[in-house]
Amino acid sequence: MVTKQFSDSPDGADLRRADSLAREIFSDVANKWALLIIESLGERTLRFSGLRDEVEGISHKMLTQNLRMLERNGLVDRKVHPTVPPRVEYTLTEAGQGLRATVDGMCDWTHRYFGHIEASRRSFDG
């Protein structure tokens with residue numbers, strides 16, 4: 001795999017290394033649910049149920065796991081309000097907003113090449 005490398009980066013930032021933190025982070029955020037959660041949050045704050053409604057098809061378990069992973073990586077901020085029952089809200093952090101710019105680019109790419117990919121699949125599948 002050829003990846004963009006920075007000369008002043010520590011070994012942990014080298015995506016080519018199987019044991020690098022960078023590869024672990026890349027693996028965490030490069031899954032469909034994480035990308036859809038990031039896109040759904042955008043610049044707003046949502047509760048768990050709001051996110052579940054936004055990300056069609058995600059199970060309670062997968063949403064919980066991905067929100068915890070995004071929070072662990074500093075991409076999502078989780079705020080618990082001391083009410084009964086507790087009200088929990090999620091927003092993107094500055095780092096999450098930075099990743100969102102990349103996710104938006106991927107969404108734009110998908111829309112731009114949707115017809116091309118659809119035609120290629122039809123051709124390939126016969």
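**Overall architecture and local packing of the predicted model**

Of the 126 residues of the protein, 27% count as buried, a class that denotes under 20% relative accessible area, with exposed meaning over 50% and partly exposed lying in between (1.4 Å probe, protein chains only). The model is a predicted one, in which local features need pLDDT of at least 70 and side-chain atom pairs count only at pLDDT 80 or more, whereas totals for chains, interfaces and linings use all residues. Residues are numbered from 1 along each chain as its sequence is written, and side-chain values use heavy atoms, with hydrogens and water left out.

The protein contains five helices and three strands, arranged along the sequence in the pattern α-α-β-α-α-β-β-α; helices (H or I, at least four residues) and strands (E, at least two) are DSSP runs, numbered from the N terminus. The radius of gyration is 17 Å, well over the 14 Å that the globule rule gives for 126 residues, so the protein is more spread out than a compact globule; this radius is taken over C-alpha atoms, and the rule is 2.2 Å times the number of residues to the power 0.38. Along the principal axes, the C-alpha atoms fill a box of roughly 55 × 45 × 25 Å. Among contacts (heavy atoms within 4.5 Å) between residues at least 6 apart in sequence, 42% join residues at least 24 apart.

Helix 2 (residues 32–41) and helix 4 (residues 60–72) pack at an angle of about 75 degrees, with their axes 10 Å apart, and are therefore roughly perpendicular to each other, a description that applies from 65 to 115 degrees. The axes are lines fitted to C-alpha atoms over the stretch in contact, and angles run from 0 to 180 degrees between N-to-C directions. In this pairing, W33, A34, I37 and I38 of helix 2 meet M62, L63, N66, L67, M69 and L70 of helix 4, and the residues of the contact divide into nine nonpolar, one polar and no charged.

S40, also found in helix 2, counts as buried at 12% relative accessibility; when its neighbours within four places in sequence are left aside, S40 is in contact with L46, L51, E54 and V55. A95, by contrast, lies in helix 5 (residues 94–125) and counts as partly exposed at 44% relative accessibility. With neighbours within four places in sequence again set aside, A95 is in contact with G74 and L75, while the C-alpha atoms of A95 and A30, 65 residues apart along the chain, are separated by 15 Å.

Methods:
Angles under 35 degrees count as roughly parallel, over 145 as roughly antiparallel, 65 to 115 as roughly perpendicular and the rest as oblique. Ala, Val, Leu, Ile, Met, Phe, Trp, Tyr, Cys and Pro count as nonpolar, Asp, Glu, Lys and Arg as charged, and the others, Gly among them, as polar.
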